[in-house]
Amino acid sequence: MMPEKEQVVVDSEMKKRYMNGETWKFEDDIDNNNNNMSVSVSDGVLLGIDGGTTSTVCICMPMIIPFSHSQLQSLPILSRAVAGCSNHNSIGEIAAKETLEQVMADALSKCGSKRSSVRAVCLAVSGVNHPTDQQRILNWLRDIFPSDVRLYVQNDAVAALASGTIGKLHGCVLIAGTGSIAYGFTEDGKEARAAGAGPVLGDWGSGYGISAQALTAVIRAHDGRGPSTMLTSSILQALGLSSAEELIGWTYADPSWARIAALVPVVVSCAEAADEVANKILLESAQELASSVKAVVGRLGLCGQDGKGAFPLVLVGGVLEANTRWDVGKEVIKCISKYFPGVLPIRPKVEPAVGAAWLAWNFFMKEYNKELCSC
């Protein structure tokens with residue numbers, strides 16, 4: 001373990017480099033060029049960040065006042081930047097901060113804007129599971145942006161919901177990518193979530209969960225503890241391995257969530273080829289995902305007292321994409337409809353980072369209008 005004094009020095013150097021240091025050097029270049037690169041946005045800009053276990057996306061949009069919620073979809077995207085994982089539970093807090101700061105700087109740099117142009121930031125990141133998580137990240141953001149910038153921190157599921165409801169927090173979202181989570185809001189602000197605790201604590205409908213079960217099925221088949229399956233030859237071929245024994249070394253050499261989850265397409269192709277083991281894994285995963293939605297909808301009463309009320313269900317994530325014959329998302333909706341016939345499935349046309357930017361606008365305008373009324 002690193003001595004405490006050395007750790008303090010390392011942390012200090014990290015902060016010097018990434019907090020108002022090299023990451024933001026482009027702002028000096030903008031000043032030196034007399035802002036020739038900058039986008040002319042009189043009311044400033046918004047930043048919406050979707051930070052997940054696999055990737056992090058930052059969207060920059062113009063902040064226009066006055067403006068109505070019905071026009072939100074017409075706001076142009078000024079720039080888009082992409083980085084790697086920003087879940088502090090996966091890569092640690094320092095690395096997560098580096099990723100988030102860099103992706104915001106990249107987005108502003110691409111459209112020639114500076115931090116002084118930012119009016120609001122909505123950072124929606126996986127791993128934000130408690131008010132203490134939110135406060136810690138807010139404190140860090142305040143070290144980066146001017147004091148007048150409005151800062152909002154949410155779980156990444158909230159931005160995913162907003163991407164399907166044009167920034168309104170009402171209904172339920174189901175995310176099934178590397179990880180999985182169901183998150184819901186009532187119109188009066190009550191919220192609830194299910195799953196989203198990571199693979200160790202049972203996100204079995206996620207990409208990681210599906211792939212981990214497939215790898216386990218291969219080992220069980222090899223040992224004679226489970227039925228033979230097409231997954232064995234398909235996974236070994238996909239990974240360039242020659243035997244099931246080699247899977248053990250491959251798995252533990254780098255057990256990152258995204259690396260394991262990348263095997264989902266192999267599982268789907270085996271299920272489509274009528275492999276019973278793969279088919280069972282996907283079917284049970286769809287049922288698991290549906291149970292998360294059922295828990296959230298039931299706790300919030302989104303379906304009404306009779307259980308038949310209409311509510312939006314936003315479906316996000318690679319596992320739920322309708323691009324294969326074995327459609328996990330379709331199976332999830334089928335399961336949910338048995339309990340809640342009023343479910344209104346929505347597959348967003350924009351990415352969650354855009355939803356985060358819409359949230360930034362909504363949150364900002366709510367505070368802005370409240371301040372106007374109090375004057």
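Set aside the neighbours within four places in sequence, and Asp-275 touches Thr-229, Met-230, Leu-231 and Cys-270. Keep in mind as you look around that this is a predicted model. To find the residue, go to the end of α11 (264–272) and look in the loop that leads on to α12 (276–300).

Now for its surroundings. What Asp-275 does have is a polar contact of 2.9 Å, side chain to side chain, with Thr-229.

From here, follow α12 over to the strands. The helix lies across β6 (171–176), β7 (180–185), β8 and β9, and its direction is at about 160° to that of β8.

Those strands belong to an open sheet of 5, which you can read off in the order β8-β7-β6-β9-β10, with mixed pairing. At the edges are β8 (191–195) and β10 (343–346), each of them pairing on one side only. On average, neighbouring strands in this sheet are turned by 20° against each other, ignoring direction.

Finish at the β10 end. Here β9 (residues 311–316) pairs with β10 in the parallel sense, over 4 bridges. For a landmark, pick out Leu-313: across from it, in β10, stands Pro-345.

Methods. Residues are numbered from 1 along each chain as its sequence is written. This is a predicted model: local features need pLDDT of at least 70, side-chain atom pairs count only at pLDDT 80 or more; totals for chains, interfaces and linings use all residues. Side-chain values use heavy atoms; hydrogens and water are left out. Helices (H or I, at least four residues) and strands (E, at least two) are DSSP runs, numbered from the N terminus. A polar contact is a pair of N or O atoms within 3.5 Å; within protein, one must be able to donate a hydrogen and the other to accept it, and residues adjacent in sequence count only if both atoms are side-chain atoms. Contact means heavy atoms within 4.5 Å. Two strands pair if DSSP finds at least two bridges between them. Axes are lines fitted to C-alpha atoms, for helices over the stretch in contact, and angles run from 0 to 180 degrees between N-to-C directions.
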